[in-house]
Amino acid sequence: MKEDKMENIHLIFKFLWYSVLFCIWGVSCTSSGTYKKTQMDIYMQYYDFIIDSLSKNPSYVCTRTARQMSVATDSVAYYHYLVLLAKAYMFKSEMDSAKLSMDRAEVFCDGAEPSSLINDLYAEIYNMRGNVCVRQGLTDSSVVCFQKAFDYRLKGSNRDMLHDISINLADAFVRTGHYDKGAMWYRKALSYCDSLKIPEEKRFPVYYGLAQVYMELRDFTSCDHYYELAARQYDKMLPFEKHIYLNNRGNSYYFRADYPNALEFFRKSLLLARSYPDMIFEEHLTEMNLGETFLLMNQVDSAAYYLNLCSDFFRSIENQTALYYLDTQLIELALKQNNLSLARKRMSEAIQPDYVEPNMQHIRNRYLQHYFEEVGDFKQAYYYQMENQRIDDSTRNERIKMRTAEIDLKYSQDTTLMKQKIFIQQKENEVLALNQTLYLWMFACICILGLVVFVYMYNKRQRFLLQMKSQNMIATLRMENIRNRVSPHFIFNILNREMGNYTDEQAGNMRGLVKLMRRNLELTEQLCVTMAEELDFVNTFINLEREALGDSFILSTSIDAAIHLDQEILPSMMIQIPIENAIKHALKDKEGMKRLWIDIKKTGEGICVKVRDNGGGYRINSANHGTGTGIKVILQTIQLLNANNKKHIDISITNVQLEDGETGCEFAVFLPQGYDYNLKKMV
């Protein structure tokens, strides 16, 4: 009893603890929504796991992502995997495969119901399209794609990636020569980093992006400042990020005509790219930069070596910007090799993109001026010299304007940032007030929970008192039963002594009667008995009744050979009571043949017991109709036992037509296999 009480106390405390947790969870759900792990959660976990391998081993990412796609059951998650696969294709320079994957994802979004998840997927698609456009030199298209990606991300649910898209958009504006807008978006990216509490070691893309802006504006002091900030996190950069840093920093020395330092960074960049087989684009881009640097240093053989290495690759991917830049270098290389015919041929075959950056146009004009000077066409040479002077003046004026605009945007952003901080402080105050309300709700829930526990404990105490009362009553009844058993045992002893004066036949009948009475007394204390014990009791009873039934009584017993009577269990009196009813109410006063059948057969799911007579069937208005006490005892016993079992004992009482035309009553009971005959303790 003591152990049960301790266990109950432990369960109560456990219930109380889980209830408190449930209340806290319930209150939090009112403000943040119910959490349920989804396919998108699995995708985000996979993305965080695989992102570092994207630039190091895109082939591995392709394989793993395709495997994830095969088990994805959610459509949105599946197409997120597809966009990630497109990104891996891009890093492998398989642009056609990347475009095909993005097209499939966009078709799905176009046909889907608008939602925040679909907007997130649109943002991923257009962000990837922008990156592919950058790889192909389509700078204006990249700006459009990144702007769409940013707009969709604002309408989506995952805003943690806003700073990444802002950086991509800033890079695109820098490539188109809009350095003021580029600086604005880099600073927006820093603002998002502050809002999202992104650590310092993850902000280096913004720093080397701002460094590139100041490099283009020829503010090399600010340029070096931001490059130094980015360099502090060099070891934490991914391979492609290290390449961007090294390549762009080499460019900053290139524009200062500090070619030895430029070569140092370009060589580091090439060594890095060649360490990763899938960084093909980065490798050949660096080779082109090395070729131009050697060309400017008049190291013609080294220049030719690196330019020839990258030429076939850029022509295979049809990158217009890279090809324009490459053709420009090859024209100058031919001039430095004193091969005017080759220079003329390369000029005629050189491509002319729709848009050319002023810096590249300036370099092409300088080399064309050199060519016309070599062929003696000084008028044309003078034209290109004046074109470059015009570009220089225009670029200088543009840089002044952009520098002014950049300063203006910087201070505007600072003012906006201050307003945002004030707004954030106001929202934090609102959140604090909301938290106080939540705490009050939590306190109220705990009070209600305490009341529920009190009511539960009170009811449990009442049930315990009721149980104790029932146990006392049972004990009293047991004592009374013991006292009542003294009298029958005394009678049995007297009968056994008196049977010594009877004849053998009389003594036999009396012994059967005593056996029946003694067995009946034993059965009252047993809920269930073996089938052998029950049939032994039934045979004793029938033998005592044979004299009253006469010679016309016939008993037919059929027992399946597969049944082990001493192992099968059934409720006590289950066969005896129907047989007693059949003899008492159907056969005793019947004229003619009196038949009684007992059939016990094994079925697939249990044992079927049937007791059948030819006494005319069950009739409600019969003069021999009894009180039904025996059947009630059977039904109540079975009701108690069935409450503890999934499979139930079934009873049926029906009138049946016999073969000789007579009508009889059949009592049938089905005993399921594996039935539990123990009454469980009710608390």
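Q: What is an axis, and how do its angles run?
A: An axis is a line fitted to C-alpha atoms, for helices over the stretch in contact, and angles run from 0 to 180 degrees between N-to-C directions. The structure here is a predicted model, with local features needing pLDDT of at least 70, side-chain atom pairs needing 80 or more, and totals for chains, interfaces and linings using all residues. Numbering starts from 1 along each chain as its sequence is written, and side-chain values use heavy atoms, without hydrogens and water.

Q: Why is α16 called roughly antiparallel to α17?
A: The axes of α16 (residues 300-317) and α17 (residues 320-336) cross at roughly 150° and come within 10 Å. Angles over 145 degrees count as roughly antiparallel (under 35 is roughly parallel, 65 to 115 roughly perpendicular, the rest oblique). So α16 is roughly antiparallel to α17. The crossing of α16 and α17 is left-handed.

Q: Which residues in α16 and α17 meet?
A: Contact means heavy atoms within 4.5 Å. On the α16 side, V300, A303, A304, L307, C310, S311, F314 and R315 take part. They meet A322, L323, L326, D327, Q329, L330, L333 and K336 in α17. By class, this contact has eleven nonpolar, two polar and three charged residues.

Q: What makes α8 roughly antiparallel to α9?
A: Look at the angle again. The axes of α8 (residues 139-155) and α9 (residues 162-175) cross at roughly 160°. Therefore α8 counts as roughly antiparallel to α9. These two axes come within 9 Å, and their crossing is left-handed. Among the residues that meet are F146 and F150 in α8, and L169 and F173 in α9. The contact of α8 with α9 divides into ten nonpolar, five polar and two charged residues.

Q: Why is T328 called buried?
A: Buried means under 20% relative accessible area (exposed is over 50%, partly exposed in between; 1.4 Å probe, protein chains only). T328 has 1% relative accessibility, so T328 is buried. T328 sits in helix α17. Beyond its neighbours within four places in sequence, T328 is in contact with I363, R364 and Y367.

Q: How do you know that D235 is exposed?
A: The relative accessible area of D235 is 70%, so D235 is exposed. D235 belongs to the loop between α12 (220-231) and α13 (239-255). Between D235 and E201 there are 34 residues in sequence, yet 9.7 Å in space, C-alpha to C-alpha.

Q: How many residues does the largest nonpolar core have?
A: A nonpolar core is a set of buried Ala, Val, Leu, Ile, Met, Phe, Trp, Tyr and Cys residues joined through side-chain atoms within 4.5 Å. The largest has 108 residues, and Y186, Y245, M288 and F314 have the most contacts inside it. Helix α5 (residues 75-91) gives the largest share of this core, 13 residues. Another core, of 36 residues, lies apart and includes V529 and I638.

Conventions: Helix = DSSP H or I, 4+ residues; strand = E, 2+ residues; numbered from the N terminus. Left-handed = near helix turned anticlockwise from the far one by under 90°. Nonpolar A, V, L, I, M, F, W, Y, C, P; charged D, E, K, R; others polar.
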